[in-house]
Amino acid sequence: MSKIRLNKTYSSFSKDQVTNRANEVRRDTDTIKTPACTIYDVDYAIISYLRDVVQPTVTEDGNVIDVPIMYANGEKWSAVQKHGYMRDAAGKLMAPLISIKRNSLTERDQLKKLDVNLNPSGNAMVMHNAFSKQNRYDRFGVLTNAQRSKEYYITAVPEFIDVTYDLLLWTSYTDQLNSIIEQIMPTGGFAWGTTWKFNTQIDDYSFETMNNIGEDRLVRATMPLRTQATLLLESELRASTVQKRLSVKKVLFKSEYSSDEFPGETQHAPPGGYTSIRTESDLMSDLENTIKNRD
Amino acid sequence: MALFGSARDASLIRHINNELIVNLIDIEIELYKLVLEDTRENLYGESDQKKYYNPIKIPCLIQKDEKTVIGDDYGIDSTRTGIFAFSRDYLKDRTIIFEIGDVLNYDNEFYEVDAVHGSNYWGGRNPSTDLGYTSAERSEFGYSVEVRVEAHITQRNKLNLVEVRTGGINQEYQLPKNL
């Protein structure tokens with residue numbers, strides 16, 4: 001009697017999970033990078049675009065100076081020690097300065113996902129790699145007309161989000177503030193970023209100029225930014241969001257011949273009979289005769 | 001007629017004050033006054049190319065307040081206020097007038113003047129405005145002792161007095177420009 005197979009060893013209510021070997025494809029041999037687009041990447045895109053592409057400058061006392069751009073509310077050591085170039089000899093912060101602050105992050109209404117507990121299988125994007133090591137030139141493959149093997153990379157559908165920022169501008173003079181706004185304004189609606197790029201809109205500008213007694217005069221403006229971004233993490237629920245799959249391999253047996261008889265004729269001699277086997281001496285005598293006849 | 005506080009009494013105070021501030025304590029500040037004719041302002045009442053007269057050294061008494069550190073979205077900044085008290089006679093003799101917006105340099109810090117006070121009278125009277133004295137009903141009484149200036153530390157890049165955008169370490173004191 002065969003051994004009874006137990007199929008509820010982990011739970012009394014559900015059957016043990018059957019391993020699908022199609023899911024167990026090694027990833028350490030391929031060079032495909034698992035793409036990850038995190039909130040950090042979105043923040044980095046905005047700041048790097050301002051720093052590297054817009055590069056706002058102002059004129060101060062006849063000199064053109066770059067406007068430093070920083071993320072708001074960094075750690076104290078960073079704000080004071082690392083970014084010392086933004087301070088004067090007495091340690092006082094100097095304008096102009098651009099500070100960026102993230103306000104909110106919401107899932108985009110138009111592209112909501114049906115996130116019910118787990119991503120249902122099949123709710124993924126399939127990408128096809130044009131080259132596979134298995135498709136290297138092979139004479140045998142040509143002879144047998146073998147089909148190309150395909151590598152597929154399946155990624156989860158990213159989260160589509162709207163991120164809002166406040167771009168805080170601080171200058172010594174209104175003239176400088178105007179200049180910075182004039183440099184940034186044309187980029188509204190562009191794809192901001194140097195690596196990842198995200199469509200970014202600039203909303204209403206607001207200005208604040210204060211000249212209180214006992215304080216320095218403040219010339220500031222706020223530019224709200226609205227960025228349409230995507231989030232795709234390296235793993236969701238401890239599983240990689242990128243899965244590798246290989247196309248299905250088939251071995252086809254098109255025809256099969258089976259016979260008890262050998263297909264050749266073996267009982268009768270060929271027409272004209274069998275030729276005798278000629279030896280080396282026969283060949284030499286034939287050659288001599290041929291030479292004599294020629295003479 | 002008042003018994004005390006006559007001009008003769010005031011003279012004693014004046015001499016003691018002068019000796020104390022100018023000769024004994026002898027703390028000096030530099031006063032930078034803008035050359036209004038050469039400093040062109042824009043539509044917003046501001047100029048990033050200010051011109052100054054040569055600084056004047058003035059002896060005074062100084063009360064520096066504690067530095068206040070402020071942290072906001074723009075980073076960590078600091079500010080400080082100070083009160084500078086000058087002998088009124090010293091200023092009057094040299095025709096020095098403090099105004100809001102003047103710049104004072106003390107202890108390698110630049111202060112922007114916020115307010116100027118001159119109502120500290122010895123004997124409670126200012127001889128210049130004392131009605132009894134001005135109407136010649138009695139002799140001179142009282143003494144206007146001081147001119148007191150309230151100021152706060154200002155961003156030195158706005159002043160155009162010193163170079164702030166160049167590198168270098170431990171720069172002790174930079175010569176003023178735009179004078």
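Contact here means heavy atoms within 4.5 Å. By that rule, 40 residues of chain A are in contact with 33 residues of chain B. The model is a predicted one, in which local features need pLDDT of at least 70 and side-chain atom pairs count only at pLDDT 80 or more, while totals for chains, interfaces and linings use all residues; side-chain values use heavy atoms, with hydrogens and water left out. Residues are numbered from 1 along each chain as its sequence is written, and chains are lettered from A and ligands numbered from 1 in the order in which they are written.

The size of an interface is often given as the accessible area lost when the parts come together. Buried area is that loss for two parts, summed over both (1.4 Å probe). Between chain A and chain B it is about 3100 Å², and carbon and sulfur atoms give 45% of this. Of the area that chain A buries against chain B, A:Asp61, A:Lys92 and A:Tyr173 supply 21%, more than any other three residues.

Side chains of opposite charge can pair when their charged atoms come close. A salt bridge is counted when a side-chain nitrogen of Lys or Arg lies within 4 Å of a carboxyl oxygen of Asp or Glu. Four salt bridges are counted between chain A and chain B. A:Arg217 forms a salt bridge with B:Glu46, with the closest N and O atoms 2.8 Å apart.

Over all chains, the structure holds 19 salt bridges. In chain A, the side chains of A:Arg108 and A:Asp162 meet in a salt bridge at 3.3 Å, N to O. This pair links distant parts of the chain, 54 residues apart: A:Arg108 is in the loop between strand S4 (97–107) and strand S5 (124–129), and A:Asp162 is in strand S7 (residues 159–171). Strands (E, at least two residues) and helices (H or I, at least four) are DSSP runs, numbered from the N terminus. Both A:Arg108 and A:Asp162 are buried, where buried means under 20% relative accessible area, exposed over 50% and partly exposed in between (1.4 Å probe, protein chains only).

In chain B, B:Asp130 forms a salt bridge with B:Arg138, the closest N and O atoms being 2.6 Å apart. B:Asp130 counts as buried because its relative accessibility is 10%, whereas B:Arg138 is partly exposed at 23%. A network of salt bridges links B:Lys64, B:Arg80, B:Asp107 and B:Glu109.
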